[in-house]
Amino acid sequence: MLVALDHVQLAAPPASEDRLRAFYVDALGLVEVPKPPVLAKRGGVWFASADGSVQLHLGVEEPFRPAKKAHPGLRVKDIGSFAERLAAHGAPVVWDDNLPGHRRFYSTDPVGNRLEFLEPLA
């Protein structure tokens, strides 16, 4: 029986860790999570929300191809302010009103992975 989603893994090109840290920490407000030493040798970087309830792992993949359709859907509070924050960090913000009962937009991380941000309407 499934009880929770532990994490979502996205791919990243080699040597992109610093760009990923700048985006996922500075723009999204996540914290970096230390990888176990045996996994750290492979490259990549892990992130989580402050309370650990949201985890995104970015692993090195060669050849790298960013996810253009597949994506994590990340629930946020105060989506308008969150969109402004991402835009201020240079990330694209593409609003989409096709999901009833939600406000949402799409963006991409610095290596081109698609990300969805959504907030249920009250």
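Which residues are linked in a network of salt bridges? Asp18, Arg21 and Glu32 are, in what is a predicted model.

**View 1. The salt-bridge network of Asp18, Arg21 and Glu32.** Aspartate 18 pairs with arginine 21, with 3.1 Å between the closest N and O atoms. Both residues belong to helix α1 (residues 17-27), where they sit three residues apart, about one turn of the helix. Arginine 21 also forms a salt bridge with glutamate 32, at 2.8 Å from N to O. This second pair links distant parts of the chain, since arginine 21 is in helix α1 and glutamate 32, 11 residues apart from it, is in strand β2 (residues 31-33). Aspartate 18 is exposed, at 60% relative accessible area. Arginine 21 is partly exposed at 28%, and glutamate 32 is partly exposed at 38%.

**View 2. The salt bridge between glutamate 116 and arginine 104.** The closest N and O atoms of this pair are 3.0 Å apart. The whole structure contains four salt bridges.

View 3. Beyond its neighbours within four places in sequence, alanine 12 contacts Leu20, Leu58, Gly59, Val60, Glu61, Phe64 and Val111. Its C-alpha atom lies 7.1 Å from that of glycine 44, a residue 32 residues apart along the chain.

Methods: Residues are numbered from 1 along each chain as its sequence is written. This is a predicted model: local features need pLDDT of at least 70, side-chain atom pairs count only at pLDDT 80 or more; totals for chains, interfaces and linings use all residues. Side-chain values use heavy atoms; hydrogens and water are left out. Contact means heavy atoms within 4.5 Å. A salt bridge is a side-chain nitrogen of Lys or Arg within 4 Å of a carboxyl oxygen of Asp or Glu. Helices (H or I, at least four residues) and strands (E, at least two) are DSSP runs, numbered from the N terminus. Buried means under 20% relative accessible area, exposed over 50%, partly exposed in between (1.4 Å probe, protein chains only).
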